[in-house]
Amino acid sequence: MKYALFLGCAIPIKYPGFEAATRLVCDRLGIELVDLPFSCCPPPTSMKLVHYDSWLALAARNLCLAEEAGLDLLTLCSGCVNTLKEANLILKQSEAKKRKVNKILEEHHHHFKGTIEVTHILDVLYQDTVVDKMIKEQVREVPLRVGCHYGCHYFRPPKVMYPEELSAAESYVPVKMDHLLSIIGVEPTEFSRKFLCCGSPLGANADQDAGYAITKQKLAYIHERNIQAISVICPSCFEQFDMGQIVLARKNKEKEKIPTFYLTQLVGLALGLTSKEVGLDVHRVKSKKLLESVGIA
């Protein structure tokens with residue numbers, strides 16, 4: 001199993017622990033990752049709204065690099081997977097868009113053909129063969145009550161992101177993270193507003209206070225269910241919960257905080273990796289006491 005690894009912008013700069021955890025987990029599970037000179041995805045909440053064709057052409061360049069390497073493209077970010085999946089679909093379906101983009105790419109010596117697929121690390125880890133390997137490699141359970149937060153862009157719009165998994169009513173409710181984490185001993189716990197936005201796009205693009213108000217409401221529901229930790233699959237969601245709790249604590253003089261983990265950090269702990277190896281030591285909301293309480297150093 002081999003993929004072109006698309007790290008995006010935020011993870012290498014802000015959260016290298018996510019990358020380290022993912023590389024170590026993939027290596028342990030027999031998933032080969034190939035590095036290519038990708039650029040920004042670009043995000044679905046900024047350039048796409050300002051200049052659509054430029055957004056599409058930049059995304060197409062990234063898709064071309066993976067095509068030229070003959071590899072499907074694996075992302076670690078919900079925004080990246082949203083942009084690259086949508087651009088891939090549009091360019092495969094529209095000859096007019098493909099001609100226009102290929103004209104732009106011509107001077108950069110690339111040509112979009114439509115020969116690869118785009119996927120997210122959650123979908124890769126959820127494959128049967130990978131789950132079987134994970135069970136064989138698991139050295140300990142991670143017995144925590146965890147609230148799984150999927151974010152917006154991982155699965156919306158479902159017709160673009162998961163057309164093959166739509167219900168008869170053409171809806172789609174993600175469950176893979178809950179199911180995957182239950183395999184390693186996590187107790188996935190439901191909470192209100194689980195599938196709504198974390199607040200990050202609103203805070204980054206328009207109104208930071210309004211963005212944190214959404215996060216505060218989500219955290220209230222998470223506390224209500226006695227959830228011990230949050231699991232995310234997106235660096236923006238992580239930042240909103242990790243840094244967001246620091247900001248909210250300063251404003252509201254709240255002391256209780258809930259650690260947030262990126263998916264592969266929790267999987268890495270189950271595979272025997274240390275907290276430092278998966279980058280937990282640099283999180284703003286520390287998880288050391290919580291992990292020690294369940295026997296994980």
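## Second largest pocket

It is α5 that gives the most to the lining of the second largest pocket, contributing four residues. This pocket holds about 280 Å³ of space, and of the 15 residues that line the second largest pocket, those closest to its centre are K85, E117, V118, V160 and M161.

At least two lining residues of the second largest pocket are supplied by each of α5, β4 (118–120) and α9 (158–161). By residue class, the lining of the second largest pocket divides into seven charged, six nonpolar and two polar residues.

## Largest pocket

The largest pocket of the predicted model has a volume of about 690 Å³. It is lined by 35 residues, of which T45, S200, A204, S236 and E239 are the closest to its centre. Two or more residues of the lining of the largest pocket come from each of α1 (10–14), α5 (78–93), α11 (200–205), α12 (208–224) and α13 (235–252), and the largest share, six residues, is that of α13.

The lining of the largest pocket is made up of 20 nonpolar, 13 polar and two charged residues.

## An element in both linings

Definitions and conventions. Residues numbered from 1 in each chain as written. Predicted model: local features only at pLDDT ≥ 70, side-chain atom pairs only at ≥ 80, totals over all residues. Heavy atoms only, no water. 1 Å grid on protein atoms, 1.4 Å probe; cavity = no way out; pocket = protein on both sides within 12 Å on 5 of 7 lines; lining within 4 Å. Points joined across faces, edges and corners; volume = space filled by probe spheres on them. Nonpolar A, V, L, I, M, F, W, Y, C, P; charged D, E, K, R; others polar.
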